[in-house]
Amino acid sequence: MEIAAISVNYFAIAAGGILSMILGALWYGPLFGKKWLQIIGADALSPDERKQMQRNAGPLYLVQFVLTLFQVLVLAHLIADTSRATGIERALWIWAAFVIPTLAGAVMWTNENNKMKWARFLIQGGYQLTLFLIFGMLLQFWK
C-alpha cells in the first residue's frame, strides 16, 4: 500500500497564526474586552495590578501562538486529505465536535453564576467559531 503525501501551504498556516493573534486582540479588546475583564475578575484590579497582569501575560502570547500554529497545521492536513468536504465545512465540523464540547465542559464546571458562564461560553465560543471560519477559508482558498 502506497501512502500519498499530503501537501499543505505553510505560508497559509503562518498567516492563520498571525490572524489569530490579530483577532484575539480585537475580540478580547475593543469588541468584548470590558465584559471579558469582568468575567475573569480583572475589572476589580488596580491600574498597577492590571499592568503586572499584562506583563505576566507576555510569555503566554508566544505559547498561544505556537499552539495555534499547531492547530492550523493539523487542520490544514485534515482539509488537504479530503475531497468530501470544503475547508470551511471541515473547520465547522471540527469546531462543533471538538471545540464546543471541550469549552462547554470547561465552562460549566466553574464557580461562576449562570449569567457569567453563558457570557464566558459565548465570548470564547464565538471567538473560536470566527477563528475556525477564518482558518477554513484561508486553507481552502490559499493552497
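Covering here rests on contact, meaning heavy atoms within 4.5 Å. Buried means under 20% relative accessible area, exposed means over 50%, and partly exposed lies in between (1.4 Å probe, protein chains only). Helices (H or I, at least four residues) and strands (E, at least two) are DSSP runs, numbered from the N terminus.

A note before we move on: this is a predicted model, in which local features need pLDDT of at least 70 and side-chain atom pairs count only at pLDDT 80 or more, while totals for chains, interfaces and linings use all residues. Residues are numbered from 1 along each chain as its sequence is written, and side-chain values use heavy atoms, with hydrogens and water left out.

**Stop 1: helix 4.** Select residues 87-108. These 22 residues reach 30 Å from the first C-alpha to the last, close to the 32 Å expected at 1.5 Å a residue; that expected span is 1.5 Å times one less than the number of residues. Where does helix 4 bend? Look at Trp 95, where the bend is about 35 degrees, taken as the angle between axes fitted to the seven residues ending there and the seven starting there. Now colour the buried residues of helix 4: Gly 87, Ala 91, Ile 94, Trp 95, Val 99, Ile 100, Leu 103 and Val 107. An α-helix has 3.6 residues a turn, so residues three or four places apart point the same way.

**Stop 2: helix 1.** Next, select residues 10-31. Helix 1 has 22 residues and spans 30 Å between its end C-alphas, close to the expected 32 Å. Among its buried residues are Ala 12, Gly 16, Gly 17, Leu 23 and Trp 27. Which helices do the buried residues of helix 1 pack against? Show helix 2 (33-39), helix 3 and helix 5 to see them.

**Stop 3: three single residues.** Click on Asp 81, in the loop between helix 3 and helix 4. Is Asp 81 buried or exposed? With a relative accessible area of 54%, Asp 81 is exposed. Draw a line from Asp 81 to Leu 45: they are 36 residues apart along the chain, and their C-alpha atoms are separated by 48 Å. Then try Ala 5, in the segment before helix 1. Ala 5 is 76 residues from Asp 81 along the chain, yet their C-alpha atoms are separated by 9.4 Å. Ala 5 counts as exposed because its relative accessibility is 78%. Finally, find Val 74 in helix 3.

**Stop 4: zoom out.** Show the whole protein chain: five helices and zero strands, in the pattern α-α-α-α-α. Its C-alpha trace spans about 60 × 30 × 25 Å along the principal axes. Of the 143 residues, 34% count as buried. Of the contacts with a separation of 6 or more, 76% come from residues 24 or more positions apart.
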